[in-house]
Structure formats: structure tokens, C-alpha cells
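Hello,

Here is the structure we talked about handing over. Please look through it first, then read the notes below.

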Amino acid sequence: MRELSVMVSFSYGEKKVLENVSFSAKKGELLSIIGPNGAGKSTLLKCMVGILKPKGRIEFDSINLMDLKPKDRAKFITYVPQSSVSEFAFTIQEFVEMGAYTTRGDVERALRKVNLWNRRRELVTNLSGGEYQLALIARALAQGSEIILLDEPTSNLDINHSLKIMEILSELKGEKLIIAVMHDLNLALRYSDRLILLSKGRIEWEGSSNELKPEILEKVYHVKAKIVEIEGNSLVLADI
Amino acid sequence: MKRILALCIISAFLIISAVSIGSVSVPLIKVLQSIIYGIKMNLGFGAKSPGTGDTYFTIIWDIRFPRVLLAYLVGFSLASAGTASQALFKNPLADPYILGISGGASVGAALAAIYFPKYMGMFALIFALASVYVVYTISKVDGHIPVDTLLLAGIAFGFFSSAITSYLVYVGREKIHNAIFWLMGTFNGALWTDVKLVFLSSFTGFLFLILRWKELNLLLFGEESIALGLDVSFYRKAIIFVISLLTAFAVSTSGIIGFVGLISPHAMRIIFGPNHKRLLPASALFGGSLMVMADLFARILIKPQEIPVGIVTAVFGAPFFIYLLTKRKRGEIYA
């Protein structure tokens with residue numbers, strides 16, 4: 001099984017944002033990165049995809065992705081940014097076609113997956129936040145990269161769109177490695193195979209949903225929390 | 001594709017019409033005969049008489065045709081550079097002069113007007129390119145070019161060079177008259193050598209951009225497009241170079257003509273959308289046509305005198321731009 005192995009540090013000038021963040025993940029997994037605001041979650045994704053240049057190494061099956069040119073790296077890894085509504089009025093199809101290795105067939109498959117194929121001639125500027133997020137996912141998917149990183153794919157979305165997106169990510173993990181930064185702990189616990197809790201630029205905890213303890217959340221988020229189990233799913237409740 | 005073809009036909013029609021209109025009106029058929037004869041003569045198989053009378057031929061081939069062609073090519077260059085600037089800055093309100101080119105060219109032209117009046121174009125070109133280099137160097141951070149810094153550096157440099165130009169205009173007094181006319185933009189006295197020069201720069205610049213239409217689309221999404229395989233840093237540098245080439249040569253032959261580089265891509269985006277595969281050629285063809293029309297107005301509005309073409313483009317361009325902005329504000333059009 002193909003494996004991603006990450007060990008990075010990153011600073012903005014003097015300010016350390018990531019300190020020896022080290023983890024590995026296998027193709028077929030859905031890994032969530034959780035943690036409070038400012039923990040370095042988005043920075044970690046940006047380092048992994050090559051937007052930022054960290055110190056350390058990011059290897060996928062012993063190929064150091066940091067040594068590759070953007071076009072070659074895109075074969076292995078891609079990134080879905082935090083959703084914001086697009087300013088540029090591309091059609092959905094044009095938007096999804098933009099990847100370096102995307103073919104017409106890939107576009108159709110990806111758009112069918114997110115249920116936007118019939119609306120491919122509509123403008124992305126007319127999509128709602130949730131639909132735009134789906135278009136972003138389709139764009140990453142159409143490129144065929146083996147690892148897909150997503151930065152808060154469900155932020156600002158209603159529960160229906162959030163669940164739809166998490167279901168799609170769960171289906172995709174069979175053929176990909178999905179790494180998502182998540183703010184919604186309950187969605188993260190329900191859908192992830194594994195979670196990494198980041199705090200102040202370090203990994204505070206790593207494990208599966210049923211291993212997460214309230215004390216860890218309290219330590220990192222400074223909020224009293226309960227974790228209850230309902231029908232086999234862990235649920236985090238803030239204890240106010 | 002049909003609409004691009006229509007723009008090509010409009011361009012050709014406007015060029016021929018603009019050549020026929022002027023203080024001496026020349027029938028369209030004679031314009032065509034003269035142009036065909038001129039082309040044959042230059043290619044080396046045209047000893048026969050043009051059949052239009054020598055006066056017509058001289059007016060058309062030596063004066064009006066190079067002028068109209070230069071106007072078209074300058075409009076074509078500025079609109080192409082404007083389209084690329086808007087992709088580079090991810091902003092539909094950016095224009096090709098934002099990199100400091102116009103400021104630098106003005107200083108060069110004003111200096112030349114005082115000390116080396118014959119070399120105004122050359123000075124403008126050298127100063128324009130040097131200015132881009134300065135703005136580029138100021139903006140560079142760890143080998144990367146953050147576009148926000150580039151934009152601010154360009155604006156700051158613009159103010160600085162404008163102060164120097166004002167000072168030169170103040171101390172140069174009479175000597176600077178030519179430079180002032182030039183600063184406002186003119187195609188008066190266009191030469192075939194200018195046409196050839198701008199043809200070369202516009203052709204190479206446009207060819208690079210159209211072959212890279214996918215990359216221009218991706219640049220609109222900024223740093224994130226690295227995830228789609230774009231070498232953002234490399235393409236930013238390459239596009240800055242091409243914008244400089246297109247704009248500096250246009251400015252060095254005909255002065256600083258505003259609004260065409262800003263409006264052409266903006267207007268064409270409403271019709272063709274943001275995809276550079278169609279937007280770039282449409283914008284370039286529209287820019288060329290717009291400039292030919294503006295130059296025609298500049299020639300005939302207060303005959304026999306001429307208005308600098310930069311004034312015409314600004315007078316018509318500014319209200320049109322405000323109209324676009326209000327539409328945009330109301331959400332009736334998107335970028």
C-alpha cells in the first residue's frame with residue numbers, strides 16, 4: 001500500500017508555525033486534521049502541496065515530493081482550498097478542466113460523482129457555497145492525483161451539504177488518500193479513519209475516533225467536553 | 001470561434017475605412033489597390049503603376065496606412081498586455097501600466113526631449129524596461145513575486161516617476177513641448193520602422209500568451225493553482241516579462257495611451273467570459289479596433305488640427321468604465 005510520510009517544520013520569519021510535525025498515512029485512508037484556530041492546520045496543508053516551502057521532507061513511496069516541479073508533484077498530490085465564492089465567471093466544465101492532467105473523460109466522471117454534470121454549462125459564480133465546494137472537489141478529483149488535501153471542506157455549509165461532501169470523501173478514500181482539515185469535530189469523528197490533533201504547531205494527539213478522550217480536547221480547546229456514544233458513533237458535546 | 005472571426009472582419013474593415021478617411025477622402029477601392037500595390041512592391045514584384053495616381057499612393061502607403069496599422073498594433077499590444085495584467089493581478093481592474101512602464105517611459109521621454117530630442121522613443125523604451133526591473137526587484141521576496149507587493153510597488157513607483165516628469169516639464173519649458181504632446185499619445189508621423197518594431201513585439205508577445213492560455217486561467221486563482229500543476233512563480237515572472245515587452249514597445253512608438261489596455265479585456269469578458277482561450281484574442285482584436293477608431297477621432301474631430309489620441313481614449317474610456325463599474329456593483333455582470 002502506498003504510504004505518505006511527512007516530517008516538516010515551518011516558520012514565518014522568527015515565528016514558528018509548525019514544529020517537527022511528523023506523521024504518516026496510507027492510501028485508502030481518510031485522515032482528519034483537527035485543532036483550534038491558529039494551530040497550523042492550514043499551514044500544514046499548504047506546506048504539503050507546495051504553496052509554502054517548509055523544512056523537512058514529504059515523501060510518497062520514498063519519492064520526495066518537495067523535490068518535484070509543480071507539474072510533476074500534481075500527479076501525486078492536490079489541494080482543495082477553503083471555499084469562497086469565485087469572482088471569475090467560468091462555466092463549471094471550464095473550471096473543472098483546469099488541472100494539469102485532466103482529460104474530458106475525467107471531467108465527466110468527476111462532475112457525475114458530485115452530481116453537477118447536468119449543470120456543467122452553468123457559471124461557477126452562480127453556485128451556492130456548497131455547490132462551489134463540490135465543484136472544487138470535482139476539479140481536484142478530475143486531475144487524478146493520488147492524495148487529495150482539503151482545507152475545511154464543510155465550513156460555512158449547511159448540514160445537508162456537509163454530509164453530502166463527507167459521503168463523497170468516504171467513497172473516494174477507496175482509491176485515494178484523503179486528508180482534510182476539519183473544524184466540525186463530530187463530522188471528523190464520524191467519517192475519519194484516523195485523526196491528528198494539532199495544537200500550537202505540534203501534534204498533540206493522534207488516533208482513531210473511539211480513542212479520543214475529553215481530557216485531550218479540554219487541554220487543547222480549553223472547553224469542558226463530553227464524548228458520548230450514540231449508535232456506535234462518537235459525539236462531542238461541549239459541557240456548558 | 002465565429003465571434004472571433006467577426007472581430008477579425010471588423011478589424012480589417014475598420015483599418016481600410018480609417019485609411020480612406022482624412023483631409024483628402026480616398027475611395028475604398030483605391031485604398032485597397034494602393035495597399036495591394038504597396039505590398040507587391042515591397043515583396044519585389046510590383047513594377048506596374050498602382051493605377052490610383054501617385055498622390056493617392058503616397059498618402060495611403062507612406063502616411064495613412066502605417067499610421068493606422070501602428071494604431072491597430074499598439075491597441076492590440078496594450079489590450080493583450082492588459083488581459084495578461086488582469087490575470088497576473090487576479091484583478092479585472094488592473095492595466096498594463098501598473099508595473100511602472102508608463103511612469104518610466106514618461107521620464108525617459110521628458111529627459112530625451114531636453115537633451116536628445118531625436119531619441120525620444122529609444123529613451124522611453126529603455127526607461128520603461130528599467131522601471132519594470134526596479135519595480136520587480138523591489139517586490140521580490142525570497143525569489144517569489146507576491147502580486148500585492150508588486151501592485152503597491154508599481155503604484156509607488158508611478159507617483160515617484162510622475163514627480164520627476166513634472167519637474168522635467170517645469171525646468172524644460174519650451175524644449176519639452178514635443179514630449180508633452182507625446183506623453184498624451186499620438187500616432188502622428190508613424191513610420192514603417194515603428195510598424196515593423198511593434199509588429200514583432202506584439203506578434204511574439206501575443207503568441208506566447210495564447211499558447212499559455214491555460215496558465216493564464218490558472219493564474220487567476222493565485223498560489224493555489226500550484227495544486228493544479230502550475231509553476232506559479234515561473235509563470236508570474238514570464239508574464240511580467242511579456243507584459244513589459246508588449247507595453248514598452250507600444251509606448252516607445254506612440255506615447256502613453258490609457259484605457260485601451262484596461263477596457264478591452266473588461267468589455268470582452270462580458271461577451272466571451274474569463275477563459276483566456278477566447279478572451280485573449282477577442283480582447284487583442286477589440287483593442288486594435290478601438291485604437292483605430294480613437295485615432296480616427298483624434299484626426300478628424302477638430303480638423304486640420306489633431307487631438308492627442310490619449311485624450312480621446314480617456315474621454316470615451318472613462319465614462320464607459322464607470323458604466324461597467326456600476327453594472328458590476330449591481331451584480332449585473334461578473335468578472
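On one side of H8(A), Glu215(A) and Lys219(A) are exposed. The opposite side is another matter. Pro214(A), Ile216(A), Leu217(A) and Val220(A) are the buried residues of this helix, which spans residues 214–221. They sit on the same side of H8(A) because they cover an arc of only 160° around the axis. Keep in mind that this is a predicted model.

His222(A) comes in the loop between H8 and strand S11 (225–230) of chain A. Its phi is positive, about 55°, although His222(A) is not a glycine. His222(A) has a relative accessible area of 65%, so it is exposed.

**Other backbone points**

Most residues other than glycine have a negative phi, and most peptide bonds are trans. Two further places are worth a look on that account.

- Asp61(A) has a phi near 50°, a positive value in a residue other than glycine. The loop between strand S4 (55–60) and strand S5 (63–64) of chain A holds Asp61(A). With a relative accessible area of 32%, Asp61(A) is partly exposed.
- The peptide bond from Lys303(B) to Pro304(B) is cis, with omega near 0°. Pro304(B) is in the loop between helix H12 (276–300) and H13 of chain B.

**Salt bridges**

How many salt bridges does the structure hold over all chains? The total is 21.

Glu19(A) and Arg202(A) meet through their side chains in a salt bridge, at 3.3 Å from N to O. This pair links distant parts of the chain, 183 residues apart: Glu19(A) is in strand S2 (residues 15–26) and Arg202(A) in strand S10 (residues 202–207), both of chain A. Glu19(A) is partly exposed, with a relative accessible area of 25%. Arg202(A) also counts as partly exposed, at 46% relative accessibility.

The side chains of Arg278(B) and Glu94(A) form a salt bridge at 2.6 Å, N to O. Arg278(B) is in helix H12 of chain B and Glu94(A) in helix H3 (residues 92–96) of chain A, so this pair joins two chains. Arg278(B) is partly exposed at 28% relative accessibility. Glu94(A) is buried, because its relative accessible area is 13% and the cut-off for buried is under 20%.

Within chain B, Arg67(B) pairs with Glu306(B) in a salt bridge, with the closest N and O atoms 2.7 Å apart. The two are 239 residues apart and link distant parts of the chain: Arg67(B) in helix H3 (residues 54–88), Glu306(B) in the loop between H12 and H13. Arg67(B) is buried, with a relative accessible area of 7%. Glu306(B) counts as partly exposed, at 23% relative accessibility.

The network joins Arg2(A), Lys27(A), Asp61(A) and Glu146(A) through salt bridges that share partners.

**Surface**

Which residues form a positive surface patch? They are Lys71(A), Lys75(A), Lys214(B) and Lys277(B). Lys214(B) is in helix H9 (residues 213–219) of chain B. Lys214(B) is partly exposed, at 41% relative accessibility.

Last, Phe316(B). Helix H13 (residues 309–329) of chain B contains Phe316(B). Phe316(B) has a relative accessible area of 49% and is partly exposed. From Phe316(B) to Ile35(B) is 281 residues in sequence and 30 Å in space, C-alpha to C-alpha.

Best wishes

Conventions
Residues numbered from 1 in each chain as written. Chains lettered and ligands numbered in written order. Predicted model: local features only at pLDDT ≥ 70, side-chain atom pairs only at ≥ 80, totals over all residues. Heavy atoms only, no water. Patch = residues over 30% accessible without salt bridge, like charges linked within 9 Å, V, L, I, M, F, W, Y side chains within 5 Å. Areas by Shrake-Rupley, 256 points an atom, 1.4 Å probe, with all protein chains shown as cover. Salt bridge = Lys/Arg side-chain N within 4 Å of Asp/Glu carboxyl O. Lys, Arg positive; Asp, Glu negative; His and termini not counted. Charge placed at Lys NZ, Arg CZ, Asp CG, Glu CD. Helix = DSSP H or I, 4+ residues; strand = E, 2+ residues; numbered from the N terminus. Buried < 20%, exposed > 50% of the residue type's maximum accessible area, 1.4 Å probe, protein only. Arc of directions from axis to C-beta.
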